[in-house]
Amino acid sequence: HRVGGTGAPPLRIVREVGTQLGTSGPTDLIASMSARMAESLRLGSVTIETDAAVDAEPDAPVAQVGEPSGPATVLQLVVRQVAVGRLSVTARPGERLDARTLGSLDDLAPVVAATVHLSITTSALTRSRRRLSDARDEERRALRRELHDGLGPALAGIGLGMQAARNQL
């Protein structure tokens with residue numbers, strides 16, 4: 001048997017991803033895109049792995065729809081000549097991927113790569129903001145400790161010394 005998909009053009013999947021860009025988190029966006037690919041192209045499984053951290057466990061797929069059955073077709077996800085991950089798909093049990101489906105996957109690979117790259121960048125930005133916020137909070141705590149333990153007692157001592165000098169006069 002062959003898998004011909006539902007005839008859904010790759011552009012429909014791209015449109016659906018575009019509508020979710022501002023409303024979904026990085027892993028949700030990739031998971032949704034994987035599910036739409038599996039449904040539209042009638043795939044047995046879709047697995048997306050990245051070479052960098054996205055909100056998932058290390059060495060775990062960022063998204064997986066279905067269970068792989070049989071040999072996988074693997075496409076490298078490349079953005080600006082840099083590999084960002086892999087897209088692995090398998091046909092449904094007892095079927096195989098036809099040329100039309102493989103062509104659609106080739107058309108979708110750059111969109112998947114851009115989405116994965118966007119997710120990696122978003123996750124890195126979120127981690128960077130968190131580190132910056134933590135550093136700012138730690139700096140504030142250090143200043144508070146210094147005021148409490150150093151400058152505060154020193155000013156109190158100066159005030160007492162001035163009061164003692166006034167009493168002497």
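Let me begin with helix 3, residues 99-168: its 70 residues reach 101 Å from the first C-alpha to the last, close to the 104 Å expected at 1.5 Å a residue. The expected span here is 1.5 Å times one less than the number of residues. Helices (H or I, at least four residues) and strands (E, at least two) are DSSP runs, numbered from the N terminus.

Please keep in mind that this is a predicted model, in which local features need pLDDT of at least 70 and side-chain atom pairs count only at pLDDT 80 or more, while totals for chains, interfaces and linings use all residues. Residues are numbered from 1 along each chain as its sequence is written, and side-chain values use heavy atoms, with hydrogens and water left out.

Helix 3 bends by about 40° at leucine 147, the bend being the angle between axes fitted to the seven residues ending there and the seven starting there. Several residues of helix 3 are buried, among them Thr101, Leu105, Leu108, Val112, Val116 and Ile120. Buried means under 20% relative accessible area, exposed over 50%, and partly exposed in between (1.4 Å probe, protein chains only).

I turn now to the chain as a whole. It has three helices and six strands, in the order β-α-α-β-β-β-β-β-α from the N terminus on. Of its 169 residues, 29% are buried.

What does the largest nonpolar core contain? It has 25 residues, and those with the most contacts inside it are Met37, Ile48, Leu77, Leu87, Leu105 and Val116. Two or more residues come from each of helix 2 (26-40), strand 2 (45-50), strand 4 (73-79), strand 5 (82-90) and helix 3. Helix 3 gives the most, with seven residues. Such a core is a set of buried Ala, Val, Leu, Ile, Met, Phe, Trp, Tyr and Cys residues joined through side-chain atoms within 4.5 Å.

Leucine 87 touches, among others, Met37, Val46, Ile48, Leu77 and Leu105, not counting residues up to four places away in sequence; contact means heavy atoms within 4.5 Å. Across the chain, 64% of the contacts with a separation of 6 or more join residues 24 or more positions apart.

Finally, confidence. The mean pLDDT (the predictor's confidence in each residue, from 0 to 100) is 80, and 80% of the residues reach 70 or more. Confidence is highest in strand 4, at a mean of 92, and lowest in strand 1, residues 2-3, at 44. Over residues 1-7, pLDDT stays under 50, and the model has 25 contacts beyond four places in sequence for them.
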